[in-house]
Amino acid sequence: MLGLQRHIFNCSNGCPVESTLQIISGKWKSVILYHLIKNKVCRFSELQKKMPNCSRRMLSLQLNELEKDKIIEKKIYPVIPPKTEYRMTRFGETLTPIILEMDKWGQTYNSINSEV
């Protein structure tokens, strides 16, 4: 499987924002992070239930990218059937205020637009 080529932007005027978006962008990454923030630890099947519109394959891809970027960590238990848990890394937890502000903004946006 070919991985995404990640770039570190070291320039002025918005490049750090571009670096951040490169890591958390994608339809499901921020949602995955939101659930891990709220629940601390989630199994793959739990994330699937919380995100029913995300395919199993897409969830797996997004989790793998977040793990590769050291935002989350995966723990596999040697049992049958396999048990896999995901949690935020210490570095990943630094995204918590951003994700929670996105949640807050989204709630405001949804309430404004539900009035229309």
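Start by selecting Ile32, Leu33, Leu59, Leu63 and Ile72: among the 21 residues of the largest nonpolar core, these touch the most other members. A nonpolar core here is a set of buried Ala, Val, Leu, Ile, Met, Phe, Trp, Tyr and Cys residues joined through side-chain atoms within 4.5 Å, and buried means under 20% relative accessible area (1.4 Å probe, protein chains only). Now colour the elements that each give two or more residues to this core: helices H1 (15-24), H2 (29-39), H3 (44-50) and H4 (56-68), plus strand S3 (83-88). H2 provides the largest share, four residues. Helices (H or I, at least four residues) and strands (E, at least two) are DSSP runs, numbered from the N terminus.

A quick word on what is on your screen: this is a predicted model, where local features need pLDDT of at least 70 and side-chain atom pairs count only at pLDDT 80 or more, while totals for chains, interfaces and linings use all residues. Residues are numbered from 1 along each chain as its sequence is written, and side-chain values use heavy atoms, with hydrogens and water left out.

Next, zoom in on Leu33. Leaving aside neighbours within four places in sequence, Leu33 is in contact (heavy atoms within 4.5 Å) with Ile24, Leu66, Ile71, Ile72, Met88, Leu95 and Ile99.

Then pick Lys29, also in H2. Is Lys29 buried or exposed? Lys29 is buried, at a relative accessible area of 1%. Show its side chain along with that of Glu65, and you'll find a polar contact of 2.7 Å between them. For that term, think of a pair of N or O atoms within 3.5 Å; within protein, one must be able to donate a hydrogen and the other to accept it, and residues adjacent in sequence count only if both atoms are side-chain atoms.

Now show H1 and H2 together. Their axes (lines fitted to C-alpha atoms, for helices over the stretch in contact, with angles from 0 to 180 degrees between N-to-C directions) sit 8 Å apart, at an angle of about 80°. That makes H1 roughly perpendicular (65 to 115 degrees) to H2. Gln22, Ile23 and Ile24 of H1 meet Lys29, Ser30 and Leu33 of H2.

Last stop: the strands. They form an open three-stranded sheet, ordered S1-S3-S2 with antiparallel pairing; two strands pair if DSSP finds at least two bridges between them. S1 (41-43) and S2 (72-77) are the edge strands. Six bridges link S2 with S3, and Lys75 stands opposite Glu85 in S3. Finally, bring back H4, which lies across S2 and S3 and runs at about 115° to S2.

Conventions: Buried means under 20% relative accessible area, exposed over 50%, partly exposed in between (1.4 Å probe, protein chains only). Angles under 35 degrees count as roughly parallel, over 145 as roughly antiparallel, 65 to 115 as roughly perpendicular and the rest as oblique.
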